Amino acid sequence: MSTLSDIDYGSRLRAGLLIPSGNSVAEPEIRAMLPRQVSMLVTRLALRGSSKPELMRMLDRLEAASELLADAEVDVIVFHCTAVSTFAPELAGGIRERIQSASGIRCFTTADAILAGLTRLNARRVSLLTPYIDEVHAREIAFLEGSGFQVAGGANLGINTNSEMAGLSPEAILDWAKGAIDPHADACLISCTAIKSAPAIAELERVSGVPVLTSNQSMVWHLMRSNGIDSDVAEYGCLFSTGRVVRSEREPIAADR
């Protein structure tokens with residue numbers, strides 16, 4: 001008797017994702033972190049650059065894209081773009097309302113996931129590292145501070161497009177982050193869904209002693225936790241297991257503060 005292939009169709013959870021059209025990084029990273037029986041179905045919204053008009057145009061077809069994901073009967077919809085969802089506190093709420101109204105499906109944004117992750121780690125002082133141009137980096141600082149966090153140092157790379165961001169290797173991101181992270185911060189946030197930051201998380205935590213969050217990692221963590229799925233993805237940082245100890249080469253500190 002032949003055995004049918006074991007294809008994972010998302011029997012436990014099907015997540016619908018709205019991501020920037022120029023993003024070639026988010027899907028591979030998210031797929032690497034998702035446990036079996038959790039699948040993602042993706043629809044794109046037009047975005048390749050980082051200027052204010054481009055970021056705002058990503059929302060032009062938000063309702064139509066949400067309706068397409070609703071056709072696939074997903075369980076939850078995620079608006080997965082950090083730069084747009086952290087543009088302003090009121091904008092993130094408006095995105096959620098528009099998606100839910102158009103689709104009838106609960107949703108959250110990348111910004112919601114990041115704030116939830118920082119809160120879970122009891123992090124108040126955040127070292128913010130982004131690939132963004134200055135104005136986008138500054139808006140994210142304002143968003144975090146407006147949400148009750150203190151941005152303690154950090155850096156940005158001044159990159160404009162998704163394709164340029166995808167060109168950064170994980171090794172380059174790790175080398176840059178090691179020199180830019182504030183060792184006195186409660187957590188380091190490497191922002192942006194379009195950079196290959198996931199492979200650097202564990203090593204950066206090891207050498208810095210600081211818990212590390214990224215946009216894709218935070219989204220997967222929040223997706224799983226908000227749907228009652230408990231899976232310890234150990235290689236992608238202490239956020240997935242806050243009882244684990246983060247050890248620096250210089251000084252040991254605990255992640256469960």
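Here are legends for a few close-up views of this predicted model.

**View 1. Four strands line up in an open sheet.** Reading across, the strand order is S2-S1-S3-S4, and the pairing is parallel. Which strands sit at the edges? They are S2 (38–45) and S4 (107–109), and each of them pairs on one side only. From one strand to the next, the twist averages 20°. As for what holds such strands together, the strands of a sheet pair through backbone hydrogen bonds.

**View 2. Strand S1 meets strand S2.** Take a look at residues 13–20, which make up S1: 8 bridges join this strand to S2, and the two run parallel. To find your place, look for leucine 17, which stands opposite valine 42 in S2.

**View 3. Helix H6 packs on the sheet.** This helix covers residues 110–120 and touches strands S3 (76–79) and S4. How is H6 angled against S4? Their directions make about 75° with each other.

**View 4. An arginine lies over a ring.** Here arginine 124 lies over the face of phenylalanine 149, at 4.6 Å from the ring centre.

**View 5. Isoleucine 133 sits in a loop.** That loop lies between strand S5 (125–130) and helix H7 (134–146). Is isoleucine 133 buried or exposed? It counts as buried because its relative accessibility is 19%, and the cut-off for buried is under 20%. Leaving aside residues up to four places away in sequence, isoleucine 133 touches Ser50, Asn156, Gly158, Ile159 and Asn160. Alanine 187 is 54 residues from isoleucine 133 along the chain, and 22 Å separates their C-alpha atoms.

How values were computed: Residues are numbered from 1 along each chain as its sequence is written. This is a predicted model: local features need pLDDT of at least 70, side-chain atom pairs count only at pLDDT 80 or more; totals for chains, interfaces and linings use all residues. Side-chain values use heavy atoms; hydrogens and water are left out. Two strands pair if DSSP finds at least two bridges between them. Axes are lines fitted to C-alpha atoms, for helices over the stretch in contact, and angles run from 0 to 180 degrees between N-to-C directions. Contact means heavy atoms within 4.5 Å. A charge sits over a ring if NZ of Lys or CZ of Arg is within 6 Å of the ring centre and within 35 degrees of the ring normal. Buried means under 20% relative accessible area, exposed over 50%, partly exposed in between (1.4 Å probe, protein chains only).
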